[in-house]
Amino acid sequence: MQNIPSVDLRDFLSDDPVRKQKFVNEIGQAYEEIGFVALKGHFLDDQLVENLYTEVRNFFNLPLETKDSYEVPGIGGQRGYVSFGKEHAKGRTEGDLKEFWHFGQYVDNDPALEASYPANVEVKELPQFNAVGKETYQMLEKTGVYVLRALALFLDLDEFYFDKFVKNGNSILRPIHYPPIKDEPKNAVRAAAHGDINLITLLMGAQGKGLQVQNHDGQWIDAIAADDELVINVGDMLSRHSNNRLKSTIHQVVNPPRELWGTSRYSIPFFMHPVSTMPLNCLENCIDENNPKLYEDITSGDFLYQRLVELGLIK
């Protein structure tokens, strides 16, 4: 496999049960084998994507002291700005060569849950930044709901099994800026090898080389999407919940060739998280004599906290 499989969400959304089942089979098998797909037919339109990248570039071009004023202490980087080099991969001490922003959930009709999440941070210098971020967040969340419905069917669950867990979930939209590299990095890359924490990740901005995924033979494969595709991968929560039937694949963002060190890279992942009370207990229909239970019972909230400590975002 030279690259990651491509699937089309319009198959799942069609009224043709054969096309719908084709999508379920394709995405399920891809996640069993490598944990990544490139997805066409999502809910982001070209104008929204263009507007988002414009706003993101405008934000990261602001003076450092302005950006730093949007870094919120005491919340583990869950909202607002996270400065360059602050996050590192699990098991590493070198900070990744990136800075990023976090948009969080826009809670619908649940004041108690809304009060439990940190508030989104408004960027007063850029009047469209937050509106465009919110619209992108909601379109990626909508796309993710349908992907999870397909995966529920693949796992022989009710199609809408995940809906109640991801509605008002603790999902994060993260515009990332990998700045130009000015000096030879000391053991640091743009994003060191890691698995994602969440259920699934929907990634914008994998149109050029940089993102690599590791196959079962330990080889690194370039994951390059077409202009109209999102890259979507399984996170550790879903892998754990499916007793590792669906694979959370290790991936990284490598530094570019030296001749491209002077260029920025932008990517925008949407980390789809459930509400914190979701049990991540291994599904009974993913356990049998050939596949014994691999993980202890835990809630998604406790699992997230453990991982944020490991990443250095919570001390």
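Is asparagine 243 buried or exposed? With a relative accessibility of 5%, asparagine 243 counts as buried, since the cut-off for that word is under 20% relative accessible area. Keep in mind as we go that this is a predicted model. Asparagine 243 sits in the loop between helix 8 and strand 12 (251–253), and its phi is positive, about 55°, although the residue is not a glycine. That is worth a look, because most residues other than glycine have a negative phi.

Asparagine 168 lies in the loop between helix 7 and strand 5 (172–173). Its phi is positive too, about 60°, and again the residue is not a glycine. Asparagine 168 has a relative accessible area of 8%, so it is buried. A glycine with a positive phi can be found as well: glycine 312, which follows helix 9, has a value near 85°.

Let us step back to the whole chain. The protein chain holds nine helices and 13 strands. Of its 315 residues, 55% are buried. Taking the contacts between residues at least 6 apart in sequence, 78% join residues at least 24 apart.

At the start of the helix, a side-chain oxygen of aspartate 45 comes to within 3.1 Å of the backbone nitrogen of glutamine 47.

Glutamate 99 is found in strand 4 (residues 99–102), and with a relative accessible area of 4% it is buried. Two polar contacts involve its side chain: one of 3.0 Å to the side chain of lysine 67, and one of 2.5 Å to the side chain of tyrosine 81.

Next comes strand 11 (residues 230–234), where five of the five residues are buried. Leu230, Ile232 and Val234 point one way from the strand, while Val231 and Asn233 point the other way. Strand 11 has antiparallel pairings with two strands we can follow here. Strand 2 (residues 36–40) is joined to strand 11 by four bridges, and leucine 39 has leucine 230 as its bridge partner. Strand 8 (residues 200–204) also pairs with strand 11 over four bridges, with leucine 203 partnered by valine 231.

Which residues touch the most other members of the largest nonpolar core? In this core of 86 residues they are Phe59, Trp101, Leu148, Leu151, Ile200, Ile232 and Leu238. Helix 6 (residues 129–154) gives the largest share of the core, eleven residues. Isoleucine 200 shows how several of these names come together: leaving aside neighbours within four places in sequence, its contacts include Leu148, Leu151, Ile232 and Leu238. Phe270, Phe271 and Met272 are also among the contacts of isoleucine 200.

Leucine 148 points us on to aspartate 163, as their C-alpha atoms are 8.1 Å apart in space although the residues are 15 apart in sequence. Aspartate 163 belongs to helix 7 (residues 163–166). Leaving aside its neighbours within four places in sequence, aspartate 163 is in contact with Val145 and Arg149.

We finish with helix 9 (residues 300–310), in which Ser300, Phe303, Leu304, Arg307 and Leu308 are buried. Seen down the helix axis, these buried residues fall within an arc of 135°, so they line one face of helix 9.

Methods: Residues are numbered from 1 along each chain as its sequence is written. This is a predicted model: local features need pLDDT of at least 70, side-chain atom pairs count only at pLDDT 80 or more; totals for chains, interfaces and linings use all residues. Side-chain values use heavy atoms; hydrogens and water are left out. A polar contact is a pair of N or O atoms within 3.5 Å; within protein, one must be able to donate a hydrogen and the other to accept it, and residues adjacent in sequence count only if both atoms are side-chain atoms. Contact means heavy atoms within 4.5 Å. Buried means under 20% relative accessible area, exposed over 50%, partly exposed in between (1.4 Å probe, protein chains only). Two strands pair if DSSP finds at least two bridges between them. The arc is that of the directions from the helix axis to the C-beta atoms. A nonpolar core is a set of buried Ala, Val, Leu, Ile, Met, Phe, Trp, Tyr and Cys residues joined through side-chain atoms within 4.5 Å.
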